[in-house]
Amino acid sequence: MSETSDLLAAIADTGRDATRGGYSRPVFSTAERDLVSWYTAELAARGLEAETDRNGIVWAWWNPAGLPLEGAVVTGSHLDSVPGGGAFDGPLGVASALRSLDLLRQRGVVPSRPLGLAVFPEEEGSRFGVACLGSRLLTGAITAEKALALTDPEGNTFADVAARSGFDPRGFGRDEETLARIGTFVELHVEQGRGLIDLDAPVAVASSVIGHGRWRFSVHGQGNHAGTTLLEDRRDPLLAASRLVVAVREVAAANPGTRATVGRLHPVPGGTNVIASRVDLWLDVRHPEDVVTVAVVAEITRRAQEIAAGEGCSVEVREESFGATVDFDPALARRITGVLDGAPNLSTGAGHDAGILAAVVPTAMLFTRNPTGVSHSPEEACTDEDAELGSTALVDVLADLLV
């Protein structure tokens with residue numbers, strides 16, 4: 001087992017989901033907090049002190065020359081997960097960052113810039129509905145007011161949950177001092193598709209993150225008794241919502257390159273013998289061209305209104321988040337590609353904190369091969385050999401940027 005895999009093995013039992021399979025590690029949960037404690041201990045074992053900033057991002061600095069922290073090279077990823085997610089989405093980047101520090105020291109690298117290690121909270125948005133929430137707060141891509149008002153499925157606000165976890169809600173928001181410390185950001189992540197399988201390569205350099213967003217559709221009908229209400233008298237929002245899910249696929253198929261998904265649907269009140277009064281469903285749409293994403297959502301909204309009216313229902317639509325397509329810094333990508341002897345370049349349809357930071361600092365990403373091509377699922381994978389090759393690639397890149 002490789003050193004990188006050794007690190008991951010230490011957290012292999014944290015947050016296992018016996019119902020869904022895989023891992024469920026939502027932000028501020030016991031599992032996610034346990035992972036942060038593990039990470040803090042790993043930093044301490046390397047002589048580094050963890051610092052948690054006012055947005056919940058965990059930082060550590062390797063700065064043997066005692067240089068000013070401004071303009072540091074930073075690497076890292078996230079530890080939270082989607083419900084029933086895989087073992088590598090996020091933690092591989094965190095473990096590789098720790099491994100890269102070990103390798104830099106073994107190689108005797110004397111950095112001319114500090115190295116920062118970072119772990120970002122709520123990257124998946126699985127609890128509060130907005131992906132990359134920590135990096136969005138850091139950069140000001142979301143206002144503190146909007147973030148603090150977000151609610152989880154149990155109705156808890158982000159402000160209340162953060163406060164219970166020891167954070168001062170008044171401190172959240174764009175952090176100029178911390179941003180000034182980041183001169184370059186490089187994130188390693190397991191690939192979440194099959195690009196590297198098809199290329200037969202272990203590592204790739206990211207070229208772009210496809211634009212994507214999330215929208216909440218609330219279909220309103222009339223709650224009633226399942227046994228006494230005749231079919232012709234029903235205003236069933238679940239029937240309308242079901243037809244809308246099919247329409248989402250139809251609209252996406254009519255717009256090549258579109259990825260549109262309904263992965264979560266919640267009927268209210270949710271009784272077996274009750275006709276729902278309301279159904280909430282969440283739409284995820286992604287396309288390389290932002291104008292197409294906007295047009296697809298508009299057409300889905302039109303279809304939703306048409307379908308709802310046909311069932312005697314109404315529908316409300318609310319945008320929860322949207323991020324435009326991000327092209328990573330081309331000069332930095334060329335430099336990294338050269339360091340890695342012409343590693344292939346790949347775009348990705350998955351969102352990342354690197355995509356948020358790219359708006360304010362030079363940013364790059366590395367992908368490590370996933371032999372199943374499956375992610376956000378227990379089937380997500382990475383071999384020990386590829387995990388170590390990814391860490392080696394990361395340390396090669398960091399060594400080049402630090403000297």
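Predicted model: local features only at pLDDT ≥ 70, side-chain atom pairs only at ≥ 80, totals over all residues.
Colleague: Which side chain does Asp102 meet in a salt bridge?
Modeller: Asp102 pairs with Arg46, at 2.9 Å from N to O. A salt bridge here is a Lys or Arg side-chain nitrogen within 4 Å of a carboxyl oxygen of Asp or Glu.

Colleague: Where do Asp102 and Arg46 sit in the chain?
Modeller: Asp102 is in helix α3 (residues 91–106), and Arg46 is in the loop between α2 (30–45) and β1 (51–52), so the pair links distant parts of the chain, 56 residues apart. Helices (H or I, at least four residues) and strands (E, at least two) are DSSP runs, numbered from the N terminus.

Colleague: Arg46, buried or exposed?
Modeller: Buried, at 13% relative accessibility. Buried means under 20% relative accessible area, exposed over 50%, and partly exposed in between (1.4 Å probe, protein chains only).

Colleague: What does Glu388 form a salt bridge with?
Modeller: Arg99, with the closest N and O atoms 2.7 Å apart. Glu388 lies in helix α13 (residues 384–402) and Arg99 in helix α3, 289 residues apart. Glu388 is buried at 16%, and Arg99 is buried at 10%.

Colleague: How many salt bridges does the structure hold?
Modeller: 24. One of them joins Asp280 and Arg278 at 3.0 Å, N to O.

Note on methods:
Residues numbered from 1 in each chain as written. Heavy atoms only, no water.
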